[in-house]
Amino acid sequence: MSTVFIILQANEETRSIVDAIMIDNPNAVVKREPAMIKIDAPGEMVIKRETIEAEMGRDFDLQELQINLITLSGHVDETEDTFSLSWNN
Amino acid sequence: MDMKATKKKIGMKEKYRLLTRDLGWETTYQTKEDIYPYATYEGIKIHDWDKWEDPFRLTMDSYWKYQAEKERKFYAIIDAHAQNNGHLNITDASYLSALKIFLQAISPAEYASHKGFARVGREFPGVGPQVACQMQSIDEIRHAQTQIHAMSNYNKYYNGFHAFADQRDRIWYTSVARSFFDDAMSAGPFEFIIAIGFSFEYVLTNLLFVPFMSGAAYNGDMATVTFGFSAQSDEARHMTLGLECIKFMLEQDPDNLPIVQKWLDKWFGRGMRLLTLVGTMMDYMLPKRVMSWSEAWEIYGEENGKALFNDLARYGIRPPKGWDLTGESKEHVSHQLMLGLYQWRFGTSFHGWIPSNDDMDWLSSKYPNTFDKYYRPRWDHIKKLEAEGKPFKNYGLPKLCQTCQLPALFTEPGDPTSLCQREVTYKKEKYHFCSDSCQDTFNQEPEKYIQAWLPMTQLFQGNSGGGGLDAWMDWVSLQDGVDNGDYHGSEDQKNFDAWKSMTTSNK
């Protein structure tokens with residue numbers, strides 16, 4: 001199974017986003033490097049707006065992810081409620 | 001009485017459809033062929049442009065909002081960096097050679113990319129890709145701007161930055177990136193989007209940006225980290241545009257497969273050659289190393305590429321030609337190019353130097369199969385010459401590859417002791433190449449590549465300042481003894497060391 005990943009800038013906002021991703025994707029692995037956070041997951045990663053809002057304590061639009069996004073790997077599917085990455089293999 | 005009128009919210013998909021797709025219309029008094037004259041000549045067949053899916057579904061109002069926020073954050077940090085003499089936080093001023101190469105070669109490529117995407121945004125008949133390409137075009141000009149701004153503070157204190165625009169156009173090593181984009185921009189819109197949108201922005205982008213930006217983070221360069229992250233947040237959209245375009249082309253018609261595969265092969269080859277500059281930077285120009293080029297290739301090339309090509313296999317796509325060779329070449333190319341840049345350091349608008357003993361030990365540990373066997377002996381010989389007062393400079397100008405325009409200093413796959421040289425005679429002229437891949441690219445379209453502007457050929461023809469080396473230096477705005485040569489003994493080194501010591505002394 002191929003790995004999908006997302007890399008985010010390391011800052012106060014992404015702290016909540018990373019926590020949310022780990023809650024919804026228990027098989028994901030976090031790798032921290034200077035100024036950035038890489039999250040790998042086998043096959044698929046689903047990021048949920050509701051979970052982020054619960055962690056962050058405010059309303060969150062998933063498109064705001066773009067401000068802190070560095071790079072990613074996998075096919076993207078975005079709706080109002082979820083942002084997911086997947087490979088078809 | 002309080003009455004709350006409930007506002008009906010349009011869903012993201014519907015909002016996107018209303019604000020973008022409905023911008024297209026069926027033409028009445030001009031034919032589609034006249035309005036989109038480049039849409040079919042490449043042989044790519046598109047039957048239904050509405051099938052192009054934009055994963056990010058970004059509308060212009062969201063675009064402006066998020067981009068404006070990125071800009072505000074970016075410039076706040078750039079101001080703080082300048083105000084606080086952030087330049088003194090870098091590990092060493094030798095690190096700036098990496099930035100000088102970036103400003104002279106890569107930032108101009110961002111601007112070229114802007115032009116290219118503006119063009120294809122006009123040439124594609126589908127509204128979805130039109131909107132995405134136009135946004136990318138604006139992103140790329142923003143990248144050029146933010147890079148120039150980020151480095152402008154270094155320009156106030158250090159040499160080699162001031163004439164990046166002249167060097168972009170005229171100096172020799174920048175033509176590697178310049179010709180890469182000229183090649184894409186003079187191709188048709190579909191080749192452009194595969195070349196830049198997919199091959200470069202998807203397959204290879206992480207290898208350009210993550211090392212440079214991590215290198216900046218590890219070496220105390222806040223300005224570059226900031227611009228890097230600001231740009232990378234746009235790159236995710238670019239990556240998805242590229243991936244979506246290749247999927248779309250392959251799904252529209254099976255006849256598109258061989259054309260797309262041929263472009264993948266070509267652009268992977270050109271992309272790998274371009275990335276040699278990054279590999280050299282990572283292995284030799286960062287006082288505090290992040291990882292080796294070999295390691296970066298393993299993570300962002302081999303691993304990530306495997307996932308991607310396994311996914312695309314269902315369309316009949318195979319990994320690009322030359323993919324198999326990277327397993328070997330990843331342990332050689334950075335050393336080969338740095339040895340070249342060192343010997344021609346009289347002609348670079350950045351400093352070169354001999355790696356220290358610590359540097360060489362690091363290189364030995366990261367390249368256990370190749371460094372001590374093939375490259376340490378050459379550096380040791382160069383060190384010996386320097387100690388004898390005869391620092392090695394090669395005034396014989398490099399023979400450039402007609403396609404990728406790098407000096408043809410790479411070795412034969414399977415034999416690191418033999419230079420890889422290829423040549424083709426076309427219309428009674430001889431053309432030279434660094435590899436099978438570059439020769440193949442030339443042979444596919446010789447009429448295109450015989451028009452390439454090669455810095456060395458131009459110099460010999462008297463077109464680069466008209467005279468010898470001095471005239472050439474004037475023409476490329478290279479200040480001899482200031483911008484070029486060895487880092488040790490340079491004005492950059494003297495100044496950096498002096499200013500650093502002033503920060504902790506009252507003398």
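Mentor: Among contacts in chain B between residues at least 6 apart in sequence, 79% join residues at least 24 apart; two residues are in contact if their C-beta atoms, placed from the backbone, lie within 7 Å. This is a predicted model, in which local features need pLDDT of at least 70 and side-chain atom pairs count only at pLDDT 80 or more, while totals for chains, interfaces and linings use all residues. Residues are numbered from 1 along each chain as its sequence is written, and chains are lettered from A and ligands numbered from 1 in the order in which they are written.

Trainee: What makes up chain B in terms of helices and strands?

Mentor: Chain B has 20 helices and four strands. Helices (H or I, at least four residues) and strands (E, at least two) are DSSP runs, numbered from the N terminus.

Trainee: Why is chain B called as compact as a globular protein of its length?

Mentor: The globule rule, 2.2 Å times the number of residues to the power 0.38, is set against the radius of gyration, taken over C-alpha atoms. For 507 residues the rule gives 23 Å, and chain B has 24 Å, which is close, so the chain is as compact as a globular protein of that length. Its C-alpha atoms fill a box of roughly 85 × 75 × 45 Å along the principal axes.

Trainee: Why is Gly352(B) called buried?

Mentor: A residue is buried if 20 or more other C-beta atoms, placed from the backbone, lie within 10 Å of its own, exposed if 12 or fewer, and partly exposed in between. Gly352(B) has 22 such neighbours, so it counts as buried. Gly352(B) lies in the loop between helix H13 (333-343) and helix H14 (357-366) of chain B. Leaving aside residues up to four places away in sequence, Gly352(B) touches Leu341(B), Tyr342(B), Arg345(B) and Asp486(B). Asp486(B) is 134 residues away along the chain, yet the two C-alpha atoms are separated by 5.0 Å.

Trainee: How do you know that H8(B) is largely enclosed by the rest of the structure?

Mentor: Of the 30 residues of H8(B), 30 are buried, so the helix is largely enclosed. In chain B, buried residues make up 48% of the 507 residues.

Trainee: Where does helix H8 of chain B bend?

Mentor: Helix H8 (residues 189-218) bends by about 65° at Leu204(B), the bend being the angle between axes fitted to the seven residues ending there and the seven starting there. After H8(B) comes Gly220(B), with a positive phi near 75°.
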